[in-house]
Amino acid sequence: MADYDLVVRGGTVVTGADTFRADVGVVGGRVVALAENLQGKETLDAGGLLVLPGGVDTHCHIEQLEPNGTINEESFVTGSTACLAGGTTTIVTFASQFKGHPISHTLPEYRRRAREGAMVDYGFHQIITDPTEAVVRDEIPELVASGIRSLKVFLTYDPLHLDDAAYLRVLAAARRTGAFVTVHCENYEAIRWRQAALMADGKSTPKYHAWSRPRVVEREATHRAIALAELVDQPIQVFHVSCTEAAEEIARAQARGVKVWAETCPQYFVLQASDMDRPGLEGAKFMCSPSPRGPGDAELLWDQVRRGTIDVVSSDHSATSYEGNRGKRIAGENPPFTKIPNGVPGLTARLPLVFSLGVNGGRIDLNHFVRLIATNPAKLFGLYPRKGTIAPGSDADLVLWEAGKTVTITNGLMQHHIDYTPYEGMAVTGWPVATVKGGRVAMRDGKVQAEPGSGQYLPRGPYDMIRPRGALPDGFDASAFIV
Ligand SMILES: [Zn+2]
């Protein structure tokens with residue numbers, strides 16, 4: 001007698017808290033039982049494998065429209081394929097406001113593209129580039145009510161960056177509406193000044209990307225982002241922390257009780273500034289911001305992960321191809337580094353890299369791994385316990401993981417649209433052999449089977465974690481006023 005639609009049988013279930021032997025019984029796309037000897041209409045053998053919650057990637061750029069009319073090369077179909085191939089079943093991606101335009105100018109188009117293409121479940125962060133009065137008064141409350149509960153701001157990059165006044169307006173709007181804020185922390189003016197001087201000195205090849213934005217530029221902006229968030233009493237997450245100097249600013253604020261969280265990305269464990277010093281344009285393959293750092297930085301970053309300062313590892317998949325004239329060569333064959341698009345691909349490689357370096361490398365345990373790649377991002381972005389764990393009632397998003405399998409990364413295995421991976425040739429131990437999304441097998445032995453449009457939109461309601469703590473200077477809530 002089959003009680004379940006699907007039983008994942010004989011595996012070792014790993015959550016953010018526990019590791020135990022159990023079959024997983026699924027009905028109607030949800031986990032309903034964790035027990036021994038379950039019988040299902042369909043059985044997936046997990047003997048000798050770990051059964052993990054599906055990866056949750058809360059920082060990835062998919063099919064993002066740019067003001068210059070271009071579209072991020074990774075589509076919802078190809079991006080979802082890469083996610084499923086790498087064991088990720090949920091993403092929070094971005095909708096971007098174009099400067100000088102209302103949010104409503106672009107948001108419906110993002111929603112349409114995701115609805116038609118996504119094969120993983122998805123939510124959005126709304127990028128705010130122009131917090132006009134109409135945006136903060138009318139549009140932000142509307143989009144939060146529609147389930148987009150996080151705003152993303154850039155403190156650097158033309159034409160995205162916000163000055164302190166604009167950043168404060170976004171923080172205040174978030175506090176009024178119960179939204180969360182994520183921040184790209186680098187000092188815009190400092191980078192522009194360094195870039196101009198490097199150009200004046202003829203230092204324009206990709207390796208000088210790192211010189212243009214050293215650690216102190218990130219550290220300063222991280223400190224300022226937190227201080228202003230503290231002024232407003234608005235919780236934030238600092239995106240893609242690349243170095244311990246920035247993490248120390250976060251740790252100090254956390255020790256004061258400030259609600260600030262931090263994310264890093266696999267590229268900061270693996271890539272180094274020296275990777276950008278390769279012949280010709282080859283170094284452009286490793287360009288992202290913040291920049292990859294020096295030889296000792298990754299180990300210091302792992303320390304910050306172990307201490308809990310950094311509790312999420314996302315991909316920041318923000319990728320452009322190497323060949324052709326769209327991606328890294330959009331400004332020609334020999335562009336100065338300032339004209340080369342930033343970003344590296346990482347949707348598929350995220351779990352294998354963090355597992356291999358983290359668990360296999362003896363730096364973190366299995367449950368800590370699950371927390372970094374699934375549980376903590378789900379909690380921080382209001383998706384838990386539907387996502388990020390394996391428990392009765394949670395979505396049946398599962399990864400069957402072969403802990404001892406060694407794989408040499410190739411671009412073909414990544415299954416993304418991008419024509420390269422910065423991890424080409426790197427051997428990792430630990431690999432997803434099957435991905436289950438919503439109770440259906442969506443990837444098996446690298447073969448992805450899912451329908452475009454099968455991914456569900458995840459509206460995010462209010463949740464306790466991001467509630468302001470009520471610590472206001474002089475007890476005065478300046479964010480109550482639209483100024
Ligand atoms: Zn990003």
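H61 counts as buried, at 6% relative accessibility, where buried means under 20% relative accessible area, exposed over 50% and partly exposed in between, with a 1.4 Å probe and protein chains only. H59 is buried as well, with a relative accessible area of 0%. This is a predicted model, in which local features need pLDDT of at least 70 and side-chain atom pairs count only at pLDDT 80 or more, while totals for chains, interfaces and linings use all residues. Residues are numbered from 1 along each chain as its sequence is written, and side-chain values use heavy atoms, with hydrogens and water left out.

Both histidines belong to the metal site. The zinc ion is coordinated by H59 (NE2), H61 (NE2) and D316 (OD), at 2.1 to 2.2 Å. Donors are N, O and S atoms within 2.8 Å of the metal (3.2 Å for Na, K and Ca), and because water is not among the atoms, sites may look incomplete. In sequence, the spacing of the donor residues of the zinc ion is H-x1-H-x254-D.

Most residues other than glycine have a negative phi, and most peptide bonds are trans. E63, although not a glycine, has a positive phi of about 45°. E63 lies in the loop between β8 (55-57) and α1 (76-86); helices (H or I, at least four residues) and strands (E, at least two) are DSSP runs, numbered from the N terminus. At 11% relative accessibility, E63 counts as buried. D474 also has a positive phi, of about 60°, and is not a glycine. D474 is found in the segment after β19 (447-448), and counts as exposed at 81% relative accessibility.

Two cis peptide bonds can be located next. The bond from D158 to P159 is cis, with omega near -5°, and P159 has its place in the loop between β11 and α4 (164-177). The bond from S289 to P290 is cis, with omega near -5°; P290 lies in the loop between α9 (267-270) and α10 (297-307).

On a 1 Å grid over the protein atoms alone, a pocket is an open set of points with protein on both sides within 12 Å along at least five of seven lines, a cavity is a set of points where a 1.4 Å probe fits but cannot get out, and lining residues have an atom within 4 Å of a point. Grid points are joined across faces, edges and corners, and a volume is the space filled by probe spheres set on the points. β11 (150-154) and α5 (188-200) each supply at least two residues of the lining of the largest pocket, and the largest share, 4 residues, comes from α5. The lining of the largest pocket divides into 16 nonpolar, 18 polar and 9 charged residues. Ala, Val, Leu, Ile, Met, Phe, Trp, Tyr, Cys and Pro count as nonpolar, Asp, Glu, Lys and Arg as charged, and the others, Gly among them, as polar.

The largest cavity holds about 60 Å³ of space and is lined by A229, E230, D233, Q234, P235, V258, K259 and R469. By class, this lining has 3 nonpolar, 1 polar and 4 charged residues. The second largest cavity has a volume of about 30 Å³, and its lining residues include P53, G54, V56, R386 and D397. The lining of the second largest cavity has 2 nonpolar, 5 polar and 4 charged residues.

Strand β1 (residues 4-9) pairs with strand β4 (residues 23-27) in the antiparallel sense over 3 bridges, and the bridge partner of V8 in β4 is V24. β1 pairs with β6 in the parallel sense over 5 bridges, and R9 stands opposite D45 in β6.

Key
Two strands pair if DSSP finds at least two bridges between them.
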